[in-house]
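Please keep the sequence and the model in view while reading.

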Amino acid sequence: MSSLTTQVFGVPQPGWYWNYYIINNIQELVTALTQDHPVVLMFWADWSEPSKVMMHPYWDMAVAKKDEAVFCRLDFDKFKDVVEKFRVKALPTFLLIKEGEEQRRVVGTKVEELNTTIKNNI
């Protein structure tokens, strides 16, 4: 299954089929943010119940918009410097990034707001 996300990152492991990429290190984040395509960053954490609840709608959205944006997931606890840079205060937080700049932000499990934000800004 091809998508902008898999075009940018390739297939990280055999059998990988999601249309979002789990950022594991700062270089992967830099790779995502320096693309010519819009990027949707999701900040989440294992301990955050709303983050866990949001994963299925986020995955569905990533599948539906796989040719429009690069979808990435970042662990809130692993990327403290990035969390501070983007002033992330609640989970989940979604950022739409274009040309390296934050365009829009959706905080919480507001699926329709996130969908509208992406639709109107990509």
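Q: Why is N19 called buried?
A: Buried means under 20% relative accessible area, exposed over 50% and partly exposed in between, with a 1.4 Å probe and protein chains only; N19 has 0% relative accessibility, and therefore N19 counts as buried. N19 lies in the loop between α1 and β1, where helices (H or I, at least four residues) and strands (E, at least two) are DSSP runs numbered from the N terminus. The model is predicted, so local features need pLDDT of at least 70 and side-chain atom pairs pLDDT 80 or more, while totals for chains, interfaces and linings use all residues. Residues are numbered from 1 along each chain as its sequence is written, and side-chain values use heavy atoms, leaving out hydrogens and water.

Q: Which residues of helix α2 are buried, and what puts them on the same side of α2?
A: In α2, residues 26–33, the buried ones are E28, L29, A32 and L33. They cover an arc of only 130 degrees around the axis, taken from the directions from the helix axis to the C-beta atoms, and therefore lie on the same side of α2. Their cover includes α1 (4–9), β2 (39–44) and β3 (70–75).

Q: What does C72 touch, counting contact as heavy atoms within 4.5 Å?
A: Leaving aside residues up to four places away in sequence, C72 touches F9, Y21, I23, A32, V39, V40, L41, M42 and Y58.

How values were computed
Contact means heavy atoms within 4.5 Å.
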